Amino acid sequence: MAGGRRYRALALLQDDPRFQIVTVRMAPDQATAAFWATSENAQREDLHPADEIRDFGVMEKRGVKVADIAVAYGVTEEHVYRRLALSTLPAPVLDALRDGSVSLSQAAAFTISDDEALTLEVLALHMEQIAKGYGGLNDHTIKTRLKPGSVKGTDRRAVFVGEADYRAAGGRMGGDLFADVTTFDDPAILDEVFAAKLAQTAADYPAAHGWKWAEAITDSYISYQFDQDRKFGKVYPVEGELTEAEAEAERYDALAELANGDALDEEGTTELDALQTKRNGDFTDEQRATSGVVIYVTNDGRVMVEAGFIRAEDKAAAVEAGILQPSRHATTESAPKSPISDTLRGDLDRIGTGARQNAMLDDPKLALHLLAFQLCGRVSKFSGREKQQIGSGG
């Protein structure tokens, strides 16, 4: 069309001396001529995204640089890169994009898969949903169906394991170019490497830090009653004190003030950390020789160590060494096993309750007598407990 307009314009200007000689630039081949024509048309009228994607893909295969494509089409290089990311999609997906059955964001969702058969299978399901009037699959559903078990690179397991160890174990990597997300596409391998690396971390820790044992747990945190649930004893660091010289110089306070004002240099930060560690205290060698640590990975992939747990079999030795205080809770012997089953006991309780209810219906005063009896008994028990607490200084 542009060439036709030029021809008619030149016909009108042929008698003008200024246009007696017209310089014509000849394309070296048909492909270049098509490139010039397409880019000129794109400058006048925006191409449909599907056509643009195909054009950019063809030019990239011919060796045209991204910068040159951007100049020819009057777009940014970032725009070209986004279109080229879509150019590898199977033709049926681009056809669906062209006829409006697939949106640009849905097409982008298809790029996470390198399995063409699976891509076409999900596309067919999408088209089936449209035919039924359901509107098709959304972006998230498309991604989930294409990679149902993939794990994002921000997952705590992925952060802890790292891409190198995961790949070394045979794991496959993937990603979402449009969301800037890396995925670990073999969850089973990731879990296996995660467990092995965490176990190895625990195995190496005692010898390196002087603890009797170390245990790894797969949870991302330790509950507040973890030691109770595991029947562990617990010891704590022995608080340290700064020397008189350090205290007199108020060195710690001065460094802390600088740190709060973001005015502390690297050397000062190192000194403050050392003083803070000394102030916080540390576990003694005797504590470490009797107790251990629990290691876990947090939700952001950091390795955390909770120290000072004493296993049940080590409690006696820890108490004897003065490391652990003996338990103040009296030990109670196990109650003898009841000669009747829980089911029978429940039935008898219900029978007894029914009998009392019937008796109270016959004699309403009985309810008052039972209430008075219960109140007297509870007051007596409460008073006894209260005296015991007060007597013990509670």
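**Sheets and helix contacts of the chain**

Strand β6 (residues 292–297) and strand β7 (residues 303–310) run antiparallel and are joined by six bridges. Strands are taken here as DSSP runs of E with at least two residues, helices as runs of H or I with at least four residues, and both are numbered from the N terminus. Two strands count as paired if DSSP finds at least two bridges between them. The model is predicted, so that local features need pLDDT of at least 70 and side-chain atom pairs count only at pLDDT 80 or more, whereas totals for chains, interfaces and linings use all residues. Residues are numbered from 1 along each chain as its sequence is written, and side-chain values use heavy atoms, with hydrogens and water left out.

The secondary structure of the chain amounts to 20 helices and seven strands. Of its 394 residues, 28% are buried, where buried means under 20% relative accessible area, exposed over 50% and partly exposed in between (1.4 Å probe, protein chains only). Contact is defined as heavy atoms within 4.5 Å. Among the contacts in the chain with a separation of 6 or more, 61% are between residues 24 or more positions apart.

Strands β6 and β7 belong to an open sheet of four strands with the order β4-β6-β7-β5 and mixed pairing. Its edge strands are β4 (213–216) and β5 (233–234), each of which pairs on one side only. On β5, two bridges pair the strand with β7 in the antiparallel sense; the bridge partner of G233 is I310 in β7.

The loop between β4 and α13 (226–229) contains I222. Apart from neighbours within four places in sequence, I222 is in contact with I217, V294, Y296 and E306. I222 and V294 are 72 residues apart along the chain, and their C-alpha atoms are separated by 8.8 Å.

Another open sheet has three strands in the order β1-β3-β2, with antiparallel pairing. The edge strands here are β1 (151–152) and β2 (173–176), and each pairs on one side only. Two bridges connect β1 with strand β3 (residues 181–184) in the antiparallel sense, and V151 stands opposite F184 in β3. R172 is placed in the loop between α11 (163–168) and β2. R172 counts as exposed because its relative accessibility is 52%. Leaving out residues up to four places away in sequence, R172 touches Y166, T183, F184, D185 and D186. R172 and P187 are 15 residues apart in sequence, with a C-alpha to C-alpha distance of 9.5 Å.

Among the helices, the axes of α3 (residues 49–61) and α5 (residues 77–86) come within 8 Å and cross at roughly 90°. Axes are lines fitted to C-alpha atoms, for helices over the stretch in contact, and angles run from 0 to 180 degrees between N-to-C directions. Helices α3 and α5 are therefore roughly perpendicular to each other; angles of 65 to 115 degrees count as such, those under 35 as roughly parallel, those over 145 as roughly antiparallel, and the rest as oblique. From α3, residues P49, E52, I53, F56, G57 and E60 take part in the contact, and from α5, residues H79, V80, R83, L84 and L86. By class, this contact of α3 with α5 comprises six nonpolar, two polar and three charged residues. Ala, Val, Leu, Ile, Met, Phe, Trp, Tyr, Cys and Pro count as nonpolar, Asp, Glu, Lys and Arg as charged, and the others, Gly among them, as polar.

Helix α5 also meets α4; the axes of these two helices come within 9 Å and cross at roughly 110°. This makes α4 roughly perpendicular to α5. In the contact, V66, A67, I69 and A70 of α4 meet E77, V80, Y81 and L84 of α5. The residues involved divide into seven nonpolar, no polar and one charged. Within α5, the buried residues are H79, V80, R83, L84, A85 and L86. Their cover includes α3, α4 (66–73), α6 (91–98) and α7 (104–110).
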